[in-house]
Amino acid sequence: MRILGIDPGLQNTGFGVVDADGPKLQYVASGTIKTRPDDGALLPERLGVIFAGITEVVKRYQPDVAACEIVFVNVNPQATLMLGQARGCCLTALVASGLPVSEYTALQLKKAVVGYGKAAKPQVQEMVRRLLQLPGLPGKDAADALGLCITHAQVARTTAAINQVSQLQARTHAAYKGGRSY
């Protein structure tokens with residue numbers, strides 16, 4: 001299964017692509033889609049860059065599924081609204097590309113990758129590097145996106161195991177402590 005992880009952001013949207021074969025994970029690609037307000041681009045143009053970037057990543061790497069981070073409210077309501085628009089743009093690009101999308105919180109990502117829900121970004125970067133056997137640390141946004149891939153691979157394995165031993169089918173909606181799959 002090829003998994004595309006997306007860490008949405010208005011200035012930096014991270015992406016990561018990982019192949020999962022049971023417990024074995026193999027790094028494929030990662031990077032950041034960048035938009036800057038000082039380039040003179042207005043919000044609609046910046047969202048267009050994010051949409052086009054994700055669409056290009058999907059076409060290039062042909063993932064089977066996607067995982068996107070669920071964003072919570074920040075202290076600044078205006079920043080939260082703008083981040084929500086970037087996240088909506090990411091989800092729209094994924095769904096328009098025909099991908100099933102699962103969503104996970106930052107807490108779920110950190111617990112799955114580091115084992116501690118309040119881990120710092122450098123801890124997530126280091127564990128992603130170790131788990132995927134990368135030669136160096138990935139960028140912060142790319143590390144979160146790759147962490148989402150790792151999280152989804154673990155959840156998919158667990159859900160498949162439950163489905164094999166249970167006559168009742170496991171729900172895919174809210175299957176991972178508040179995460180969402182559609």
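**Exercise 1. Find the residues on the face of α4 turned away from its buried side, then describe the opposite side.**

Step 1. The outward face of α4 carries Pro122 and Arg130, both exposed. Buried means under 20% relative accessible area, exposed over 50%, and partly exposed in between, with a 1.4 Å probe and protein chains only. Helices (H or I, at least four residues) and strands (E, at least two) are DSSP runs, numbered from the N terminus.

The model is predicted: local features need pLDDT of at least 70, side-chain atom pairs count only at pLDDT 80 or more, and totals for chains, interfaces and linings use all residues. Residues are numbered from 1 along each chain as its sequence is written, and side-chain values use heavy atoms, with hydrogens and water left out.

Step 2. Helix α4 spans residues 121–131, and its Val124, Gln125 and Val128 are buried. They cover an arc of only 100° around the axis, so they lie on the same side of α4. The arc is that of the directions from the helix axis to the C-beta atoms.

Step 3. Look for the cover. The elements over the buried residues of α4 include α3 (106–113) and α5 (140–165). Contact means heavy atoms within 4.5 Å.

Step 4. Check what comes after the helix. Gln133 follows α4 and has a positive phi, near 55°.

**Exercise 2. Describe how α4 packs on α5.**

Step 1. Take the geometry. The axes of α4 and α5 are 9 Å apart, and the packing angle is about 55°. Therefore α4 is oblique to α5. Axes are lines fitted to C-alpha atoms, for helices over the stretch in contact, and angles run from 0 to 180 degrees between N-to-C directions. Angles under 35 degrees count as roughly parallel, over 145 as roughly antiparallel, 65 to 115 as roughly perpendicular and the rest as oblique.

Step 2. Assign the hand. The crossing of α4 past α5 is left-handed.

Step 3. List the residues that meet. From α4 come Lys121, Val124, Gln125, Val128 and Leu131; from α5 come Lys140, Ala143, Asp144, Leu146, Gly147 and Ile150.

**Exercise 3. Describe how α3 crosses α5.**

Step 1. The two axes come within 9 Å and cross at roughly 75°. That makes α3 roughly perpendicular to α5.

Step 2. On α3, the contacting residues are Gln108, Leu109, Ala112 and Val113. They meet Asp144, Gly147, Leu148, Ile150, Thr151 and Gln154 of α5.

**Exercise 4. Trace the strand pairings from β1 to β5 by way of β4.**

Step 1. Start at β1, residues 2–7. Of its 6 residues, 5 are buried.

Step 2. Pair β1 with β2 (residues 12–21). They run antiparallel over 6 bridges, and a hairpin of 4 residues joins them. Gly5 has Gly16 as its bridge partner in β2. Two strands pair if DSSP finds at least two bridges between them.

Step 3. Move to β4. Strands β1 and β4 run parallel, joined by 4 bridges. Ile6 stands opposite Cys68.

Step 4. Reach β5. Strand β4 (residues 65–69) pairs with β5 in the parallel sense, over 4 bridges. Glu69 is bridged to Tyr104 in β5.

Step 5. Read the sides of β5 (residues 101–104). Val101 and Glu103 point one way, Ser102 and Tyr104 the other, and all are buried.

**Exercise 5. Decide whether Arg46 is buried or exposed, and list what it touches.**

Step 1. Arg46 sits in helix α1, residues 43–61.

Step 2. Its relative accessibility is 6%, so Arg46 counts as buried.

Step 3. Leaving aside residues up to four places away in sequence, Arg46 touches Leu10, Gln11, Thr35, Arg36, Pro37 and Ala41.

How values were computed: Left-handed = near helix turned anticlockwise from the far one by under 90°.
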